[in-house]
Amino acid sequence: MDWNVVLDAGDVDGGIINVVIEIPMGSHNKVEWNRKLKVFELDRYEPAAFPKPANYGFIPQTLDEDGDELDALVITNDPIPMNVFSKCRVLGVMKFVDDGEVDDKIICVPADDRDMGNKYQTMSDLPEQLIKQIEFHFNHYKDLKKPGATKVEKFGDAAEAKEVINLAQKRWRDQ
């Protein structure tokens, strides 16, 4: 199934996006959607010191400046299986540089999170410790092979995240 044909980015202006999960929270597998082959591909196996602090996926019909679909971090208490899509509420964006390329991450939660009672509505609702863990992970997950290759520049709010998504949608349409 080609996720970029089946789904679009969702209701970006309304703050609800579609996210396809590539990597469940806690995994050491670095799985990526291979757009040409229309399959998930194991890119590498990460060191045990760097499990994913959130579910990791992509927003269909978007392209980030690095040439891949725009990434999303889906915050939940438990892992979401790979190859599942979720409607998610946009909370914000992590402005991120990886090997000199912009590789931003949209931060979101499931649109219907009955476990947490939909308590996360904005970035400021997220626990400060979780933000620190996400920042630490992305600043250091490549340190064993390429120290200093990644940098979290800042976290932005939902309005900034929507701007990033809209630009990524434009890149997709213009390709």
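In this predicted model, the largest nonpolar core comprises 28 residues, and those with the most contacts inside it are I75, L126 and F138. Two or more residues are supplied to this core by each of the strands β2 (16–23), β3 (29–34), β5 (55–58), β7 (85–98) and β9 (105–110), and by the helix α2 (128–140). The largest share, four residues, comes from α2. A further core, of 19 residues, lies apart from the largest one; V19, V93, I106 and A168 are among its members. In soluble globular proteins, nonpolar side chains tend to be buried together.

The surroundings of F138 were examined in more detail. When neighbours within four places in sequence are left aside, F138 is in contact with Y56, L73, M94 and F96, as well as with K105, T150 and V152.

K52 is located in the loop between β4 (39–45) and β5. Its relative accessibility is 4%, and K52 therefore counts as buried, the cut-off being under 20%. With residues up to four places away in sequence not counted, K52 touches I23, P24, M25, G26 and S27, together with K30 and H137.

D2 is placed in the segment before α1 (3–6). This residue also counts as buried, because its relative accessibility is 16%. Apart from neighbours within four places in sequence, the contacts of D2 are with W33 and K38.

Notes
Residues numbered from 1 in each chain as written. Predicted model: local features only at pLDDT ≥ 70, side-chain atom pairs only at ≥ 80, totals over all residues. Heavy atoms only, no water. Core = buried A, V, L, I, M, F, W, Y, C linked by side-chain atoms within 4.5 Å. Buried < 20%, exposed > 50% of the residue type's maximum accessible area, 1.4 Å probe, protein only. Contact = heavy atoms within 4.5 Å.
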